[in-house]
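These are my notebook entries on one protein structure.

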Amino acid sequence: MAIPLEFPDRRDRLFGREGDLIALRERVRHKGLTAVAARPFMGKSWLLAELARRLGADEEAPALVGIAESSGEVPDLLLRAVVDLYVRWLSDSSLLQQARMTWEQQKSNLLTGVAGAVSRIFKEVGGAAVKPVSVAVEEAIKGLVAANRTLTTGGAQLPVLQYDQARDLVAAVALIAKRPIVLILDQWEKSPDAALEAKTLSTFLHNLEDWPNCHVFIGLRPDEPAFAIVERLIAGRPGPAQLHRLRPMALEVVAERERLEHVHRT
C-alpha cells in the first residue's frame with residue numbers, strides 16, 4: 001500500500017490543542033520517549049498527525065518523521081514506523097538526490113548489515129522501471145530483520161525489529177539526512193504483545209547516548225495491560241520518558257471557542 005507523502009492538514013478541525021502541540025514539540029528537542037494517552041474520541045491520533053505535519057514543515061529544523069498505527073495482529077509497530085520514515089524521506093526526489101550523494105561519502109561509517117540494506121534501497125529507488133519506494137524500502141528492511149534475527153511462534157515468522165537494528169537504521173538516516181528523527185507509534189494499546197515491544201523501547205531509553213537526535217512518541221488509550229506496561233517503562237527512566245495525558249479541549253481563548261461554534265453551526 002502506498003504511503004501518502006504528506007501528513008493530513010486538519011488545522012481547521014483540530015480545536016483546543018495548541019498547548020499540547022507546543023508541549024510535544026518541546027519534547028522533540030531532547031532524545032527520549034513521550035507517551036500520549038487519551039480516552040477514545042479525544043483527538044489523540046489527529047493531534048499526533050498534526051504534530052508530525054508541523055515537525056516536517058518546520059523551516060528552521062525540519063524533522064524526518066515515521067508514523068505507524070498498530071494493526072493488532074503483529075507486534076511490529078517499530079518496524080513499520082522505520083519503514084515509513086525511510087519511505088517519506090526517499091519519496092522526495094530532491095532529498096533522494098541529496099541522500100545518494102551523502103550516502104557515497106558516509107556508507108563506510110555504517111555497519112555492514114545496515115549498509116547493505118540502505119544500499120539496496122538506493123539501487124531500487126528512483127528510476128522509471130524500478131519498484132515503488134514503499135516496496136523497495138519494506139523488502140530491504142524486512143530482509144535485514146529476517147537475516148539477522150527472526151522470532152518464530154507457531155511456525156509463523158514475526159518481523160520484529162530488534163533494538164540494534166532499529167538503532168542502526170535510524171542512525172543511518174540521521175547521518176545521511178542530517179535531520180532530527182521522530183517516530184510515532186500510534187494505537188499502541190492494540191499490540192498483541194506490548195511487553196515485547198516495550199523491551200526494545202526500554203533498551204532505547206537506557207542507551208540514549210548511542211542514538212542520534214531521536215524522539216519516540218507512543219499514542220495509546222489508557223487500556224490495560226498496555227497502559228501499565230507504558231507506566232513501568234516511564235518509571236524506569238523518568239525525565240527522558242514522560243507521560244502526556246490529554247485533557248479536555250482548552251477553549252479559554254474566545255477566538256478558539258468561536259471557531260469551534262462556527263464549525264458546529266455549519
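**Entry 1: the cores.** I noted at the outset that the model is predicted. I then looked up the largest nonpolar core and found that it has 66 residues. Which of its members touch the most other members? I found that they are Tyr 86, Trp 89 and Trp 188. Helix H3, residues 77–90, gives the most to this core, namely 11 residues. I also recorded a second, separate core of 20 residues, which includes Leu 14, Met 42, Leu 47 and Ala 63.

**Entry 2: Trp 89.** I listed the contacts of Trp 89, leaving aside its neighbours within four places in sequence. The list holds Leu 64, Leu 95, Ala 99, Phe 122, Val 173, Ile 176 and Ala 177.

**Entry 3: H3 and H7.** I next looked up how H3 lies against helix H7, residues 163–177. Their axes come within 11 Å and cross at roughly 20 degrees. On the H3 side, I found Leu 78, Val 82, Leu 85, Tyr 86 and Trp 89. These residues meet Ala 166, Leu 169, Val 170, Ala 172, Val 173, Ile 176 and Ala 177 in H7. By class, I recorded 12 nonpolar residues in this contact, with no polar and no charged ones.

**Entry 4: H4 and H5.** I turned to helix H4, residues 93–106, and helix H5, residues 112–124. Their axes come within 11 Å and cross at roughly 140 degrees. That angle makes H4 oblique to H5. The crossing of H4 and H5 is left-handed. I found that Leu 96, Ala 99, Arg 100 and Trp 103 in H4 meet Ala 115, Val 118, Ser 119 and Phe 122 in H5. The contact of H4 with H5 has six nonpolar residues, one polar and one charged.

**Entry 5: Thr 200.** I located Thr 200 in helix H8, residues 194–206. Leaving aside its neighbours within four places in sequence, I found Thr 200 in contact with Leu 78, Leu 161, Gln 162 and Tyr 163.

Technical notes: Residues are numbered from 1 along each chain as its sequence is written. This is a predicted model: local features need pLDDT of at least 70, side-chain atom pairs count only at pLDDT 80 or more; totals for chains, interfaces and linings use all residues. Side-chain values use heavy atoms; hydrogens and water are left out. A nonpolar core is a set of buried Ala, Val, Leu, Ile, Met, Phe, Trp, Tyr and Cys residues joined through side-chain atoms within 4.5 Å. Buried means under 20% relative accessible area, exposed over 50%, partly exposed in between (1.4 Å probe, protein chains only). Helices (H or I, at least four residues) and strands (E, at least two) are DSSP runs, numbered from the N terminus. Contact means heavy atoms within 4.5 Å. Axes are lines fitted to C-alpha atoms, for helices over the stretch in contact, and angles run from 0 to 180 degrees between N-to-C directions. Ala, Val, Leu, Ile, Met, Phe, Trp, Tyr, Cys and Pro count as nonpolar, Asp, Glu, Lys and Arg as charged, and the others, Gly among them, as polar. Angles under 35 degrees count as roughly parallel, over 145 as roughly antiparallel, 65 to 115 as roughly perpendicular and the rest as oblique. A crossing is left-handed if the near helix is turned anticlockwise from the far one by less than a right angle, and right-handed if clockwise.
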